[in-house]
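I opened this notebook to record what I looked up, entry by entry. The sequence and structure come before the entries.

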Amino acid sequence: MKRFLAVTLGILTAFGGFVDIGDLVANAVVGSRFGMSLAWVVVVGIIGICVFAEMSGRIAAVSQRPVFDLVRERMGPRAGLVNLGASFFINVLTLAAEIGGAALALELVTGLNYLLWVPPVALVAWLVMWRVKFETMERVFGLAGLALVVFIVALWQLGPDWGELTTQLVRPPQDEGVPTYLYYAIALLGGAMTPYEVFFFSSGGVEERWTRRDLVTARANVFVGFPLGGVLSLTIAACAATVFMPVAAEPDSLGQMVLPVAQGLGKVGLGVVILGVFAATFGATLETALSSGYSLSQYFGWQWGKYVVPGRAARFHVTVLASVIVATALILTTIDPIKVTEYSLVFSAAALPLTYLPVLMIANDPDYMGEKVNGRFSNVLGSFYMVLLLVVAVAAIPLMIATKAGQ
Amino acid sequence: MIPPARLVPPALLTALLLSGCVSPAWDDHDYALKAGKTAESAASAVRFARSVVAYRDRMTGPYAEVVLTEAVHDLGSVNDQFGGVQPPSDASDRIRDEVLRLTEKAENEVEDLLIQTRRDGVKDPAAAVRDLGRLASELSDLAERHK
């Protein structure tokens, strides 16, 4: 049991990457429009995030310092500031969407408009970050988010045509244009490898006081958490491909994307999936809000973290609180949380090299890593992904404009 | 003279904002394409409403209400957006009438179902499923003709 609980950091982090509010709806949209033909992107995303999260976990365990702390030191203040600006902007944008997502989940339970739930969600999230221990927080929301496994049960219960789903893997639909296909591929990759994951994961490692002896735990978190998130992501797409694609219905809301679970498993399944959605989006709220505090504090060299009493990390907690207030205000303007997150996925994709190049460089620096620098395999994979991420970063914004955000 | 590099961010932001706007119809072909897209979106919303009615006993009341409310909202916004596009010719007027007749009918039907759901539940679910299915097919056919 203790070993199982040791991987909850990886599970919680992976939910932010694969099944937060943006990914939940994006996966359902992709499944309904492209079937399983974009599944390969999720696999590419799983391998990519595993490669870089393993590096950042190793950096945290060996140096006992999180990635962002080292980015400024290794790359200099200017490059660090560009990195900070891009990731902080995406963080706050995503935080707004996650608060909205958790509020939307409560709307599905109560029928009350989600805007009424936004302030309570934000308040409770802030209280949790202020009062609850890091380890308790990651265990509660990491484990509750596992309720999303209900999608796997629902898919089995829906009895899909497995042959058809397999055929879709290699055959994109003919009526969708190539630019739209590529736009969604980039959005999925941007979601899977979203920048705050590595900052949160490495900072979480420091919060849990990982040392060299915890390298196995760090790797277990990576190789259990992220593939699990990826499998859930694929299952959501498969449910949508089974229920929505044959009737040309395209989900654009949280309520619509959980419909296959209600059809397959009834009220109990519906209750479980809404619990999972709430836990995943609330967990991602904590992840993004804390990541804002982590990145800013680590850049400026302030005391940070939940492992010290709040009074000793006052600027860190003020940053977290300010981010929550700004994000709440943004979502209370009635801007659609789903739209916010769709754009943040693409902005994430555009900022990916800024995040992952420093991770690759630091993981190769013997001054920080000693004998635990990257091996040849990690470097080959890391270099391949850097080239891929550069292409993705260049193509992301033009494709968004050309396809009117995938319309 | 403003350096070109400084013009890039505002230009990108403007392009981004414009990418989310509804553009006017340039000619009959463009208008027909918009009509097809409108019918497709409306058919999708009707199919979600149909699923809610068809699987009503497998859902909780608040959930069914939320999904039906979203369908009404989607249909309303589809009507508003397409209704706001200027048809460029008489031929386009006919397409406009055909599309709006179906989308407005869809909005009214789903709105009626929402009202019934909020009261004592849908009176005749089988008939509602049948009607919504027929309406969704008509909208899909229309979308297919104007692709």
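I call a residue buried if 20 or more other C-beta atoms lie within 10 Å of its own, exposed if 12 or fewer, and partly exposed in between, with C-beta atoms placed from the backbone. I note that this is a predicted model, in which local features need pLDDT of at least 70, side-chain atom pairs count only at pLDDT 80 or more, and totals for chains, interfaces and linings use all residues. Residues are numbered from 1 along each chain as its sequence is written, and chains are lettered from A in the order in which they are written.

Entry on Val71(A). I found Val71(A) buried, because 26 other C-beta atoms lie within 10 Å. I located Val71(A) in helix H5 (residues 67–75) of chain A; helices are DSSP runs (H or I, at least four residues), numbered from the N terminus. Beyond its neighbours within four places in sequence, Val71(A) is in contact (C-beta atoms, placed from the backbone, within 7 Å) with Gly80(A), Asn83(A) and Pro358(A).

Entry on H5(A) and H17(A). I read that the axes of H5(A) and helix H17 (residues 337–363) of chain A come within 10 Å and cross at roughly 80 degrees. The two helices, H5(A) and H17(A), are therefore roughly perpendicular (65 to 115 degrees) to each other. On the H5(A) side, the contact is made by Val67(A), Leu70(A), Val71(A), Arg74(A) and Met75(A); H17(A) contributes Pro358(A), Val359(A), Met361(A) and Ile362(A).

Entry on the two chains. I noted that the contact takes 23 residues from chain A and 21 residues from chain B.

Conventions: Contact = placed C-beta atoms within 7 Å. Axes fitted to C-alpha atoms, helices over the stretch in contact; angles between N-to-C directions. Parallel < 35°, antiparallel > 145°, perpendicular 65-115°, else oblique.
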